[in-house]
Every structure is written in C-alpha cells, then in structure tokens.
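Subject: Structure for you to look at

Hello,

Here is the structure I promised to pass on. Please open it, then read the notes below alongside it.

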Amino acid sequence: MPNEVNAIRTPDLILPLLSISAAAMLTALFFPGMMSYDSLYQYRQVIGSVPITNDHPPVMVQLWRLAHTAIPSPGALLLIHQAVYWAAAALFAWGVVATPLWRIFIFLLVGCWPPLLIHSVHL
C-alpha cells in the first residue's frame with residue numbers, strides 16, 4: 001500500500017498547473033510588458049545607460065538586472081511579475097477554501113479581477 005501522506009493527489013496539481021498556464025499565457029500576450037516613463041527610466045538603470053539612484057528601489061534594479069542576464073529584454077521582469085502574481089493567487093485560493101472546485105473559482109476570481117490583472121502586466 002503506497003504511503004498516502006506523501007502521495008500527490010490530482011486535485012492538488014490543478015492550481016499549480018493553472019498558475020503556470022496563466023503566467024505563460026499573459027507573458028506571451030503582453031511581452032515585453034507595458035512600460036511607463038518610470039519603468040523606462042528604471043530599465044535604463046538596469047542596462048547601465050543611467051546610474052543607479054534611489055529614485056526607484058535599487059534592489060528592484062538588481063533583481064531586474066539578474067533576470068536581464070537570462071532574458072535580455074524588459075520582458076524578463078514581466079516574467080517575474082507573472083510568476084509571483086499567479087503564485088500569490090494560487091496560494092490565496094489554497095489558503096481560503098478547502099475544496100478543489102472552490103479553489104479554482106477563487107483563483108480565477110482573484111487572478112482575473114481586472115484592476116489586479118492589468119497591473120500585473122505593467123512593469
């Protein structure tokens with residue numbers, strides 16, 4: 001008899017798979033992301049065309065610079081934003097309700113809420 005404590009059940013995989021799918025879809029749709037003047041200025045700090053200042057969080061510049069080495073595009077930050085956004089929606093749904101169907105409902109409700117969703121693609 002398999003050890004049921006360590007067994008991964010199919011309903012437990014639904015939210016992670018939905019989260020990965022949603023992040024990949026929005027990254028593909030909005031790549032490289034929506035940039036404002038502030039985002040562009042910070043991206044210039046990332047690529048080194050302007051010095052790093054404390055006008056924007058320097059830790060953000062360093063994180064973006066690290067991601068930029070893997071994906072040399074402003075879209076590297078979009079990928080990070082999408083991963084964090086959809087993982088947070090999945091963790092929220094996981095923590096609020098216990099049944100898989102309600103978790104999916106809450107995940108989609110929170111993740112696809114227009115005011116939140118539009119900010120997830122802004123760099």
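This is a predicted model: local features need pLDDT of at least 70, side-chain atom pairs count only at pLDDT 80 or more; totals for chains, interfaces and linings use all residues.

From H1 come Pro 11, Asp 12, Ile 14, Leu 15, Leu 18 and Ser 19. From H5 come Pro 100, Arg 103, Ile 104 and Phe 107. By class, seven of these contact residues are nonpolar, one is polar and two are charged.

Now the geometry. The axes of H1 and H5 lie 9 Å apart, at an angle of about 15°. An angle under 35 degrees counts as roughly parallel, so H1 and H5 are roughly parallel to each other. Their crossing is right-handed.

H1 also packs on helix H4, which covers residues 75-96. Here the axes come within 9 Å and cross at roughly 150°. The cut-off for roughly antiparallel is over 145 degrees, so H1 runs roughly antiparallel to H4. This crossing is right-handed.

Who makes the contact between H1 and H4? On the H1 side, the residues are Asp 12, Leu 15, Ser 19, Ala 22, Ala 23, Leu 26, Thr 27 and Phe 30. On the H4 side, they are Leu 78, Leu 79, Gln 82, Ala 83, Trp 86, Ala 87, Ala 90, Ala 93 and Trp 94. The contact divides into 13 nonpolar, three polar and one charged residue.

The structure holds one cavity of 30 Å³ or more. The volume of the largest cavity is about 40 Å³. Which residues line the largest cavity? They are Pro 11, Ile 14, Leu 15, Trp 94, Pro 100, Arg 103 and Ile 104. Two elements each give two or more residues to this lining: H1 (10-30) and H5 (100-111). Six of the lining residues are nonpolar, none is polar and one is charged.

Leu 15 is in the H1 contact with H5, in the H1 contact with H4 and in the cavity lining. Trp 94 of H4 takes part in the contact with H1, and Trp 94 also lines the cavity. Arg 103 of H5 meets H1 and lines the cavity too.

One last item concerns the backbone. Most peptide bonds are trans. The bond from Phe 31 to Pro 32 is cis, with omega near 5°. Where does Pro 32 sit? Pro 32 is in the loop between H1 and helix H2 (37-47).

Best wishes

Definitions and conventions:
Residues are numbered from 1 along each chain as its sequence is written. Side-chain values use heavy atoms; hydrogens and water are left out. On a 1 Å grid over the protein atoms alone, a cavity is a set of points where a 1.4 Å probe fits but cannot get out, and a pocket is an open set with protein on both sides within 12 Å along at least five of seven lines; lining residues have an atom within 4 Å of a point. Grid points are joined across faces, edges and corners, and a volume is the space filled by probe spheres set on the points. Helices (H or I, at least four residues) and strands (E, at least two) are DSSP runs, numbered from the N terminus. Ala, Val, Leu, Ile, Met, Phe, Trp, Tyr, Cys and Pro count as nonpolar, Asp, Glu, Lys and Arg as charged, and the others, Gly among them, as polar. Axes are lines fitted to C-alpha atoms, for helices over the stretch in contact, and angles run from 0 to 180 degrees between N-to-C directions. Angles under 35 degrees count as roughly parallel, over 145 as roughly antiparallel, 65 to 115 as roughly perpendicular and the rest as oblique. A crossing is left-handed if the near helix is turned anticlockwise from the far one by less than a right angle, and right-handed if clockwise. Contact means heavy atoms within 4.5 Å.
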